[in-house]
Amino acid sequence: MNTRILGENNLVINRFFNLDGRAYEGGALDVKTKELLGLVASLVLRCDDCITYHIVRCGEEGVTRDEVFETMSIGLIVGGSIVIPHLRRAVDRWDEVERMRG
């Protein structure tokens with residue numbers, strides 16, 4: 001879908017997507033840390049699509065189960081109990097990532 005969206009050549013949309021991609025590149029913080037931060041923000045904002053994206057990216061970046069759960073605990077503390085349904089789905093998605101990693 002991103003390819004279709006970007007193919008419309010809308011300047012604002014294309015620039016936003018570029019900015020989003022660049023924000024997660026390594027810099028003073030490494031990519032792994034940035035993906036964990038993205039996971040916290042996604043939990044707090046309660047965006048299941050974003051949670052899934054960051055869970056998958058965390059798996060690709062070699063994040064451990066302990067690191068994911070510690071990160072999700074921060075999201076829960078910041079977001080409160082309304083985050084719990086999203087936390088449940090995040091754990092289910094993390095289990096899928098671990099199964100695929102073997």
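Helices (H or I, at least four residues) are DSSP runs, numbered from the N terminus. This is a predicted model, where local features need pLDDT of at least 70, side-chain atom pairs count only at pLDDT 80 or more, and totals for chains, interfaces and linings use all residues. Residues are numbered from 1 along each chain as its sequence is written, and side-chain values use heavy atoms, without hydrogens and water.

**Exercise 1.** Find which helix gives the largest share of the nonpolar patch.

*Solution.* 
- Start with the members: Leu6, Ile13, Phe16 and Phe17 make up this surface patch.
- Their accessible area together is about 330 Å².
- Helix H2 (residues 11-23) gives the largest share, 3 residues.
- Leu6 sits in helix H1 (residues 2-6).

**Exercise 2.** Decide whether Val68 is buried or exposed, and list its contacts.

*Solution.* 
- Apply the cut-offs: buried is under 20% relative accessible area, exposed is over 50%, and partly exposed lies in between (1.4 Å probe, protein chains only).
- Val68 has a relative accessible area of 0%, so Val68 is buried.
- Set aside neighbours within four places in sequence; Val68 then contacts Leu39, Ile55, Val63 and Trp94.
- Contact means heavy atoms within 4.5 Å.

**Exercise 3.** Name the residues that touch the most other members of the largest nonpolar core.

*Solution.* 
- A nonpolar core is a set of buried Ala, Val, Leu, Ile, Met, Phe, Trp, Tyr and Cys residues joined through side-chain atoms within 4.5 Å.
- This core has 15 residues, and Leu39, Leu43, Ile55, Val68, Met72 and Trp94 touch the most other members.
- Helices H3 (31-45), H4 (48-60), H5 (65-79) and H6 (84-101) each give two or more residues.
- H6 gives the most, with 5 residues.

How values were computed
Patches are made of residues with over 30% relative accessible area and no salt bridge: like charges are joined within 9 Å, nonpolar side chains (Val, Leu, Ile, Met, Phe, Trp, Tyr) within 5 Å. Accessible areas come from the Shrake-Rupley method with a 1.4 Å probe; for residues, only the protein chains shown count as cover. A salt bridge is a side-chain nitrogen of Lys or Arg within 4 Å of a carboxyl oxygen of Asp or Glu.
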